Amino acid sequence: MKFATRLLLSYLFFSVLSFSIIIISVNKAIDYFSFVTIEKQMMEKADICELSFREVLARHEKSITQVQPSDVAKDVLEVLKASGREVRIYDNNLKLLGLAANGILVNNGSPKIFEGNIRNALKGNYSYTVTNNKLIYFAIPIQDKYYQNVYVFEIVENISYFYDIMDKIRYILFIGAGGFTFLITLSSLYIARKTTKPIKYLLGATEKFSRQQFEQVGLNRKDELGMLAAGLNQMGIKLNDYIQYQKQFVSNVSHELKTPLAAIRGFSQYLYEGENEDKDLKKIYFHLVNESKRLTKLINELLILSKFDKATQELNTEKEDLSELTYSIVQEMRPKAEKREITIEVDLENGVLADVNKTLMSHAIANILDNAIKYSNIGGHIRVETSTGQNAAAIKISDQGIGIHKSDLSLVQERFYRAGNSNIAKGSGLGLSLCREIVEKFNGRLILESEIGAGTTVSLLLPLA
Ligand SMILES: Nc1ncnc2c1ncn2[C@@H]1O[C@H](COP(=O)(O)OP(=O)(O)O)[C@@H](O)[C@H]1O
Ligand SMILES: [Mg+2]
């Protein structure tokens, strides 16, 4: 998962989680405070009703005749019939003594009675029940002068308006939550983008570093990312210095070795060609000549490479006939091939022209042909072809030698890489990489095709001149 996505998801997860917790608690709080308010309202009402009730009761207690609960109920109802949507009076045996609905006395009603509610009130407390259709049954105990709970006065009210208010508050809360989540999503998107942008930039810089393009990493920030950029810059400078130093070193050493090596080569050649009957010495001289030739070749290749590394160097190119060039190189290399009884078949098209530097191009062709000879079996066969395709001039050199393993095909084009089976011949592993760099200098391509045990075909493709 990408860093920005992960950041976004964690933001969203935590904000939704914390907001859900907030919503649940606020919801609970709304419920709690609504009932506290309703309770308070009803209690105030109850107090007033209780007072009136007591007055009626007191009046009856003063009379000489025995107090009949139904008479008391009747009188109380007359006074309090309008104090609620419904008012009811019970005696202490839970018997309904009287009832008024919408301010009118009802004589023979048999309404639903919440006995638990009345029983609770008879114990001396306010008690209430809320039904599903949002009616509150609020029961008030009424005591006589001996502090006996003799009656229960019950008011029924519709509190649906309260539920409506609560629902509205909840609705607003949810809309707010939706808006909040939307804003959080937007802002986390913004933050994720903003945070990952410099990271992506730094990533691009490291990729360039790995291609040895040490550009200045310009991230104008004073935070950790800015420090990282500064660190990368520092690293780039050091790495570049080191690489330049290494290249310079190779170049210097190659230069320094060139002159003494020429002397060694010349003297050993002289000694080898001189009149000497001692066969052992002759062998040693021959070996000296060969090794110094090999070293000279290596040094020359290193010098070409170090020239290439100094990117500013402009190459002199001219329109060259690749067939002519190839022909002369084949002629030069024939003796070497014959020593290993290898035949070279040539098929050259007339006038295959490309803009190249003759010396470098000769070097490249010679290198490929040299490989073909080196890695062919004794008595092998090599085919050298030049042709003009639709948009490229091509030199194709095929052998039937030991071949290159598939996994090695791109590696052998790197500097100093030699495949596992290449120890049948001496070499430094520089040749192919040099060829590729030379061809690429002229905007061409090197294509390697090979099969282990069957042979290798190397094509040098160059833009037509
Ligand atoms: N024609 C070929 N046949 C088989 N293997 C080859 C051929 N050309 C190149 N290779 C492999 O590629 C490696 C790199 O080639 P090169 O850079 O010319 O180095 P070397 O100095 O070993 O010839 C060789 O060591 C060899 O393993
Ligand atoms: Mg080679």
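Valine 156 touches Gly84, Arg85, Glu86, Leu135 and Tyr137, leaving out residues up to four places away in sequence. Contact here requires C-beta atoms, placed from the backbone, within 7 Å of each other. Valine 156 sits in strand β6 (residues 149-158). Helices (H or I, at least four residues) and strands (E, at least two) are DSSP runs, numbered from the N terminus. The C-alpha atoms of valine 156 and phenylalanine 138 are 6.3 Å apart, across 18 residues of sequence. Valine 156 is partly exposed, because 19 other C-beta atoms lie within 10 Å. The classes are buried (20 or more other C-beta atoms within 10 Å of the residue's own), exposed (12 or fewer) and partly exposed (in between), with C-beta atoms placed from the backbone.

The model is predicted: local features need pLDDT of at least 70, side-chain atom pairs count only at pLDDT 80 or more, and totals for chains, interfaces and linings use all residues. Residues are numbered from 1 along each chain as its sequence is written, while chains are lettered from A and ligands numbered from 1 in the order in which they are written.

Lysine 145 belongs to the loop between β5 (135-143) and β6. Lysine 145 counts as exposed because it has 10 C-beta neighbours inside 10 Å. The C-alpha atoms of lysine 145 and alanine 82 are separated by 26 Å, and the two residues are 63 apart along the chain.

The overall fold comes next. The protein has 9 helices and 13 strands. Its radius of gyration is 52 Å, well over the 23 Å that the globule rule gives for 465 residues, so the protein is more spread out than a compact globule. The radius is taken over C-alpha atoms, and the rule is 2.2 Å times the number of residues to the power 0.38. Along the principal axes, the C-alpha atoms fill a box of roughly 170 × 45 × 45 Å. Of the 465 residues, 23% count as buried. Among contacts between residues at least 6 apart in sequence, 62% join residues at least 24 apart.

The protein is divided into domain 1 (3-165), domain 2 (224-309) and domain 3 (318-463). These bounds come from an automatic or database domain assignment. The C-alpha centres of domain 1 and domain 3 lie 105 Å apart.

Isoleucine 264 is in helix α5. Its C-alpha atom lies 9.6 Å from that of lysine 293, at a sequence separation of 29 residues. Isoleucine 264 counts as partly exposed because it has 17 C-beta neighbours inside 10 Å. Aspartate 309 lies in helix α6 (residues 279-309). Aspartate 309 and glutamine 248 are 61 residues apart along the chain, with 9.6 Å between their C-alpha atoms. Aspartate 309 is partly exposed, because 17 other C-beta atoms lie within 10 Å.

The largest nonpolar core holds 40 residues, of which Ala364, Ile365, Ile368, Leu369, Ile382 and Ile397 touch the most other members. Such a core is a set of buried Ala, Val, Leu, Ile, Met, Phe, Trp, Tyr and Cys residues joined through C-beta atoms within 7 Å. Two or more residues each come from α7 (322-339), β9 (353-356), α8, β10 (381-388), β11 (392-399), α9 and β13 (455-463). Helix α8 gives the largest share of this core, 9 residues. Alanine 364 is in contact with Cys435, Ile438, Val439 and Leu460, leaving aside neighbours within four places in sequence. A second, separate core of 30 residues includes Leu57, Val72, Tyr137 and Ile140.

Ligand 1 is surrounded by 21 residues, the closest being Tyr375, Ala419, Ser422, Gly427 and Gly431. A residue is near the ligand if its C-beta atom, placed from the backbone, lies within 6 Å of it. Helices α8 (358-374) and α9 (431-441) each supply at least two residues of this shell. By class, the shell has 8 nonpolar, 11 polar and 2 charged residues. Ala, Val, Leu, Ile, Met, Phe, Trp, Tyr, Cys and Pro count as nonpolar, Asp, Glu, Lys and Arg as charged, and the others, Gly among them, as polar.

Backbone phi values close the account. Most residues other than glycine have a negative phi. Phi of asparagine 102 is near 50°, a positive value. Asparagine 102 lies in the loop between β2 (96-101) and β3 (104-106). Asparagine 102 counts as exposed because it has 10 C-beta neighbours inside 10 Å. Phi of glutamine 212 is also positive, near 60°. Glutamine 212 lies in the loop between α4 (160-210) and α5 (224-273).

Terms used:
Contact = placed C-beta atoms within 7 Å.
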